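User: I'd like to go through this one by asking where the labels come from. Can you set each value against its definition?

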Amino acid sequence: MATSASHAPVAADRPIWSFWSGRPSMSRMQRLEAFQGYLLISPWLIGFFVFILGPMLASFYYSFTLYNVQTVPRFVGLYHYIYAFTSDNLFWVSVKRTLMWSAMTVPLGIVGALFAAILLNNKLKGMAFYRTSFFLPHLTPVVAASILWMWILQPDIGILNSLLDGVGIRGPKWLQSIQWAMPALAMISLWTGIGGNKMLIFLAGLQAIPDTLYEAADIDGASRWQKFVNITLPMISPAMFFNLILGVIASFQVFGMAFVTTKGGPAYATYFYALHLYQQAFVSFDMGYGSALAWIFFVAVLALTLLQLWLQKRWVYYEGAV
Amino acid sequence: MTAVASASVLLAACAAPAAPQAAGGTGAESSSAASSSSQEPIVLRLHMRAGGETSEPAIYVTRPAEFTEETGVQVQLEPIPGGEFWAKIETMAASNTLGDNMFTDNKNWQHNRAVHFGILQNIEEYMASDGISHDEWQPGVIGACIIDGKTYGLPKTGHPAHAYVWINHHLFEEAGIPIPDTYGSTWDQYREWANLLSQGDPDRREVYGFHMPTNNIQMIVNGIRTFGGWELNEDGTESPADDGWRGFISTATDFYQVDKVMPTAADIGSAGTVGLFAAEKLAMMVSSRGTNKSVRQAVGPEDGSTGAFQWSTIGLAEGPDFNGWGASLNTHAGTSQSPHKYESFRLTYALSDARFAYLNANEAGYLVGRTHELDEIGPAAEDPFIKLQFDEYARGVPYRIGANYRGLEWEQIITNTTDLVYLGERAADDAFFGELEGTIKDLLARPI
């Protein structure tokens with residue numbers, strides 16, 4: 001933050017630890033400003049400590065204990081972590097299902113959202129209506145969407161199989177089929193997700209691309225596909241990267257749809273990691289193991305995110321970057 | 001406040017609670033000193049599953065009101081949605097904010113888990129001082145409340161769950177099958193009848209011959225026991241794949257995959273099995289007590305006088321080595337955290353006594369599990385389904401309980417694993433049963 005020559009550097013310019021580092025003490029005015037600043041952000045700080053950092057620290061502690069809520073936690077070291085990787089069959093089942101889910105929904109979600117954004121980036125009459133229509137499914141609560149789609153995907157009387165019957169195709173048993181349960185959930189997820197925030201971010205990215213680039217390409221005789229590949233995609237690569245990171249994290253956290261529709265079945269076909277964690281912590285009250293699963297998840301997602309951040313150098317183009 | 005101090009306070013707040021109060025007391029013991037000294041009326045907080053006031057008013061409206069008239073003790077209902085009932089109860093227990101009485105059930109071993117952690121109060125001494133004998137209830141029913149020689153809660157019911165078969169007389173007559181007697185049918189007969197009753201392409205039946213909910217743990221336990229097996233060994237550490245397991249799962253697989261006479265969950269549709277039965281698309285249906293009321297509403301009375309067809313209920317096949325129906329217990333047990341232990345015991349008894357049985361049978365159409373219940377329930381005793389229930393209750397045997405009380409995980413393993421055979425992905429062979437046994441053994445070895 002720039003400071004005026006007529007004022008001494010304000011307290012906000014100094015890092016917080018400098019107040020204890022033995023540097024020259026602050027003036028009364030600086031201390032007052034600092035106090036006011038912290039007072040104004042204190043509601044958020046209290047919320048952060050009470051509802052985020054505090055529980056995180058508590059769960060980290062519990063992950064090294066046997067804790068069933070009713071008795072005092074008993075320290076067991078790395079028992080839960082070792083159990084997860086070496087003895088819990090459902091741990092690896094849930095990891096596999098979650099990775100499959102992510103591989104299925106993230107690329108489709110990004111491509112679908114980009115396609116929707118390209119469609120909505122046209123100057124047509126009624127575009128506000130179209131944009132709203134695309135966005136509305138995203139506003140549907142997860143439980144409501146799940147129940148709605150349970151009816152649509154009902155094998156005997158659901159709309160989808162009725163339509164397929166009409167063209168001579170015998171629809172699968174969708175949510176009751178081991179092979180089709182996950183694709184069915186993916187369908188629900190894409191219905192709610194394609195027109196949502198990812199699309200909005202792509203739309204903003206598309207609208208930020210200077211027209212001059214396309215005009216220059218036209219002069220050089222570029223085709224539509226060439227313009228898309230050589231102009232559009234590089235220019236929206238930061239938006240794509242952002243959507244990829246958030247999309248991967250969200251896909252790993254899939255829970256609500258499976259909890260409402262399939263409860264992880266049939267035959268564990270939709271038994272995602274978050275469901276397994278929920279089962280351990282809130283059904284079996286094995287808070288220690290549930291906490292360990294949560295921290296394993298945190299580390300995995302962090303590692304994946306860092307990997308993506310490292311890889312971005314190879315394909316993300318930032319305008320103005322050297 | 002500094003960040004470190006804040007974190008310390010939060011960790012302290014998250015520390016485990018104090019141990020629950022010990023249960024027990026004498027019948028002469030009255031309410032807590034605070035209540036008696038303040039002259040305020042005693043109010044008992046009753047944790048119940050939400051919706052009970054409208055669906056079961058005899059339990060949650062009528063009888064508590066009578067209890068208040070009789071004793072002067074008020075009852076305050078505290079509904080909790082069924083899906084989160086036990087999570088909330090355990091949280092309240094951990095934070096010492098539990099009320100005086102609570103609904104419990106042992107379908108997934110929660111009642112026993114609550115006893116293990118000292119959440120429920122032992123009422124042995126109160127029963128003795130008030131002259132209430134265990135003989136008031138059927139042995140299999142009260143037996144589910146007795147753990148390590150002490151009684152925790154009294155039965156609101158201890159029903160045998162899926163022990164009844166509803167049959168469509170019209171479809172039986174069409175298929176040329178004599179209407180079976182109430183008792184004595186066999187699994188072989190069900191398979192034979194189901195094949196005669198089923199109509200249409202096997203892969204897309206117009207009428208299914210038979211259904212039983214193989215994803216319901218009460219059905220699974222009863223099914224295993226009818227084939228002469230046990231759901232668990234005696235110490236609750238294993239579920240050996242004995243004749244009961246193999247017989248039940250193999251039979252269900254035959255019904256699903258070999259004869260294709262039983263609808264899968266996907267085939268059932270939104271109206272459920274009662275809807276299929278009422279629409280005459282399902283000829284035989286295994287279900288639990290509450291279904292009778294639903295069938296009466298959907299189809300009409302049993303004699304078919306004002307309904308679509310004549311129907312009746314028979315007892316489920318018991319098999320030559322039958323080990324008794326699993327007694328599915330519900331109670332309104334007193335909690336160990338109640339400051340009014342004797343009053344909460346009296347409420348527990350009021351929701352299990354003869355008067356309660358009368359109200360419950362005449363309103364809800366099911367029994368508590370009392371020894372002389374047919375004499376206590378007045379006009380409801382004439383109902384043939386009530387008589388059938390009474391006989392089935394008498395053959396109830398308490399559930400065997402897993403050593404670590406992970407009942408819901410146990411159920412999940414069984415239903416997800418058996419899905420593989422029921423949906424035709426695997427054969428119900430030795431390898432399958434070996435894997436199932438091993439998975440359950442690993443689960444039951446987990447810490448509590």
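User: How do you know how confident the predictor is about chain B?

Analyst: From pLDDT, the predictor's confidence in each residue, on a scale from 0 to 100. Chain B has a mean of 90, and 90% of its residues reach 70 or more. Residues 1-37 of chain B are below 50, though this stretch has 59 contacts in the model beyond near neighbours in sequence. Where pLDDT is low, the predicted coordinates should not be read in detail.

User: Where do the domain bounds come from, and what are they in chain B?

Analyst: The bounds come from an automatic or database domain assignment. For chain B that gives domain 1 (26-160 + 327-398) and domain 2 (164-324 + 402-444). The C-alpha centres of these two domains of chain B lie 30 Å apart. In chain A, the division is domain 1 (12-62) and domain 2 (83-315), with C-alpha centres 37 Å apart.

User: What makes two residues count as being in contact, and how many residues does each chain give to the contact between A and B?

Analyst: Their C-beta atoms, placed from the backbone, have to lie within 7 Å. The contact takes 30 residues from chain A and 30 from chain B. On the chain A side, α1 (28-62) and α13 (273-283) each give two or more residues, and α1(A) has the largest share, 6 residues. Helices here are DSSP runs (H or I, at least four residues), as are strands (E, at least two), numbered from the N terminus.

User: Which classes do those chain A residues fall into?

Analyst: They divide into 18 nonpolar, 10 polar and 2 charged. Ala, Val, Leu, Ile, Met, Phe, Trp, Tyr, Cys and Pro count as nonpolar, Asp, Glu, Lys and Arg as charged, and the others, Gly among them, as polar.

User: Why is α12(B) called oblique to α20(B)?

Analyst: Helix α12 (residues 243-258) and helix α20 (residues 407-422) of chain B pack at an angle of about 45°, with axes 9 Å apart. Angles under 35 degrees count as roughly parallel, over 145 as roughly antiparallel, 65 to 115 as roughly perpendicular and the rest as oblique, so α12(B) is oblique to α20(B). The axes are lines fitted to C-alpha atoms, for helices over the stretch in contact, with angles from 0 to 180 degrees between N-to-C directions. I249(B), A252(B), T253(B) and Y256(B) in α12(B) meet T418(B), V421(B) and Y422(B) in α20(B).

User: And why is α20(B) roughly antiparallel to α21(B)?

Analyst: The axes of α20(B) and helix α21 (residues 430-444) of chain B come within 10 Å and cross at roughly 165°. That angle puts α20(B) in the roughly antiparallel class relative to α21(B). From α20(B), the contact uses E409(B), W410(B), I413(B), T417(B) and V421(B), and from α21(B), F432(B), L436(B), T439(B), I440(B) and L443(B). By class, these are 7 nonpolar, 2 polar and 1 charged.

Technical notes. Residues are numbered from 1 along each chain as its sequence is written. Chains are lettered from A and ligands numbered from 1 in the order in which they are written. This is a predicted model: local features need pLDDT of at least 70, side-chain atom pairs count only at pLDDT 80 or more; totals for chains, interfaces and linings use all residues.
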